[in-house]
Amino acid sequence: MAQSRAADVGVRGGKIAALGDLSFSHAQSELECGGRIVSPGFIDVHAHVDADVVRHPGCDNYLLMGVTTLITGNCGGSVADLAAHLARLEHGGIGVNYGSLVGLGTVRTSVLGSENRAPDDGELAAMCALVEQGMQAGAYGVSTGLIYVPGTYASTIEIATLAAVAARHGGIYASHMRNENDRIVDSIREILRIGELAGIPVHISHIKCTGKPNWGRAGEIISMLSMARANGSRITADQYAYDASSTGIDVLFPAADLAIGRAEFARQLAAVPAFRARMKQALFATMDRVGFGDFRYARIASAEGNKDLAGRSLLEAAKLRTGRDDRDAQAEMAMELFIKAAPKRVQMIYHAISEDDVATFMAQDWIAIAADAGLRVEIDGDKPHPRGYGHNPRVLGRYVRELQVLDLSTAIHKMTAVPAGIFGITGRGELGVGGIADLVVFDPDSVIDRATYEEPTLPPVGIDYVIVNGCVAVDHGVVAKQRSGVVLRRGREKL
Ligand SMILES: [Zn+2]
């Protein structure tokens with residue numbers, strides 16, 4: 001890990017041409033960075049920007065956080081035709097450097113729809129062929145989201161078979177594991193097993209211990225992973241710097257019942273009393289499992305048909321709509337939201353992580369920093385997770401400067417060289433002569449996030465410049481019109 005030193009940085013033709021005292025050199029343009037940190041551009045390997053990026057290729061919210069490189073296609077979801085997608089972005093221009101994984105959920109849906117069963121031999125071969133296609137298009141590996149439909153229906157062997165295809169191309173297997181709460185240890189065993197079976201490095205996406213009964217277990221998880229790493233397992237992880245997650249309302253319901261699809265699920269909730277009664281019991285079980293006894297921890301981010309409830313917890317929403325806030329009223333509220341929005345997904349924020357655990361994971365120098373965000377556009381009154389506008393500055397301001405969970409060099413390392421190394425992104429993530437000039441210039445004394453759950457799109461402060469491939473992409477909070485990112489294909493990055 002490189003330590004900081006005082007130096008000028010000379011950039012030419014998109015690359016770092018010189019480092020050191022350049023006070024006697026001349027440049028076409030000079031940026032005053034006195035007293036600032038000049039860091040490699042931040043690399044975020046857990047993005048969800050797949051389809052949206054076509055309409056919003058600027059990726060402004062990421063640039064404003066200092067992120068210059070994204071890996072998307074996480075949690076099992078990617079675009080179906082990666083080659084065409086990358087070509088299109090290349091043609092139209094993109095604000096950040098952009099690479100993707102092949103989502104095994106997307107692959108499964110292409111062949112099996114949302115069916116809750118194993119593929120037969122022919123279907124599995126078809127799925128392998130799709131992974132092969134994605135890897136040939138330049139994917140960095142494969143991803144799963146094993147709490148989601150259809151990932152939740154995939155067996156360990158099925159995943160390992162598909163991951164083995166990625167392994168042949170030097171890819172990685174990244175997973176939103178089957179369980180991040182009471183069975184997290186089983187989930188880690190599964191991902192390690194997939195690594196062994198497929199001969200592939202494995203990566204835990206957004207590592208965390210969710211649910212109150214699991215708070216305080218981060219140390220135990222770190223011990224388990226450190227032991228596996230010491231014994232030769234190629235296992236890594238990333239995490240975001242918040243004590244709340246964000247995903248659909250679907251995860252409150254049993255995954256097995258969601259195989260019928262969101263529209264049919266909603267129809268049965270509305271019209272089949274026995275189904276509705278069973279789902280209500282399932283919601284009560286979720287309240288107990290997560291440990292709060294009700295849904296006070298579940299905040300509505302975006303709900304089609306109930307736009308005015310964005311920002312409120314299910315408890316508050318139930319109280320507002322019915323005057324009652326007991327468990328029954330909260331469960332009814334969750335079902336009403338689902339029915340109204342279907343087939344669209346109700347987006348939620350779950351405050352079910354302890355900040356002590358966040359800090360414990362954050363202190364590990366091998367865990368990458370990644371926001372798990374998407375593009376924050378067309379928000380229209382919604383209250384998405386603030387990580388889309390605050391993430392990296394929050395690590396630097398809150399966890400480095402205020403809480404002193406880790407030092408500045410380690411934090412930068414975890415946002416740059418660590419993710420680049422894990423995902424095999426070459427030529428980026430380090431500041432050296434001959435390297436690509438992706439840079440962030442920030443003030444270590446003032447950099448911090450401003451985005452909150454109430455105001456999730458406030459940009460951060462303390463970042464002076466963001467430079468992508470040698471071009472100024474952000475100048476004091478203003479994003480340049482010109483897009484200077486490039487499309488990244490594994491093993492074929494232009495250096
Ligand atoms: Zn995920």
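The chat below goes through the zinc site, the aromatic pairs and some backbone details of a predicted model.

Trainee: Before we start, how are the residues numbered, and what kind of model is this?
Mentor: Residues are numbered from 1 along each chain as its sequence is written, and side-chain values use heavy atoms, with hydrogens and water left out. This is a predicted model, in which local features need pLDDT of at least 70 and side-chain atom pairs count only at pLDDT 80 or more, while totals for chains, interfaces and linings use all residues.

Trainee: Which protein donors does the zinc ion have?
Mentor: They are Cys75 through SG, His176 through ND1 and His206 through NE2, lying 2.1 to 2.3 Å from the ion. Donors here are N, O and S atoms within 2.8 Å of the metal (3.2 Å for Na, K and Ca), and since water is not among the atoms, sites may look incomplete.

Trainee: What spacing do the donors follow along the chain?
Mentor: The spacing is C-x100-H-x29-H. Cys75 sits in the loop between strand E5 (67–72) and helix H3 (82–92), whereas His176 belongs to strand E9 (residues 172–176), so this pair ties together parts that are 101 residues apart in sequence. Helices (H or I, at least four residues) and strands (E, at least two) are DSSP runs, numbered from the N terminus.

Trainee: Is Cys75 buried or exposed?
Mentor: Cys75 is buried, with a relative accessible area of 12%, and His176 also counts as buried, at 4%. Buried means under 20% relative accessible area, exposed over 50%, and partly exposed in between (1.4 Å probe, protein chains only).

Trainee: And where does His206 lie?
Mentor: His206 lies in the loop between strand E10 (202–204) and helix H8 (218–230), and it is buried, with a relative accessible area of 2%. His206 has a positive phi of about 30° although it is not a glycine. Most residues other than glycine have a negative phi, and most peptide bonds are trans.

Trainee: What about the phi of Cys59?
Mentor: Cys59 is not a glycine either, yet its phi is positive, at about 55°. Cys59 is placed in the loop between helix H1 (52–55) and helix H2 (60–64), and it is buried, with a relative accessible area of 3%.

Trainee: Where do Phe42 and Phe442 lie?
Mentor: Phe42 lies in strand E4 (residues 42–44) and Phe442 in strand E16 (residues 439–442), so the pair ties together parts that are 400 residues apart in sequence. Phe42 is buried, with a relative accessible area of 0%, and Phe442 counts as buried at 0%.

Trainee: Which residues form the aromatic cluster?
Mentor: Trp215, Phe292, Phe295, Tyr297 and Tyr350 form one aromatic cluster, and within it both Tyr297 and Tyr350 are buried.

Note on methods:
Phe/Tyr/Trp six-rings, centres within 6.5 Å; stacked < 30°, edge-to-face > 60°.
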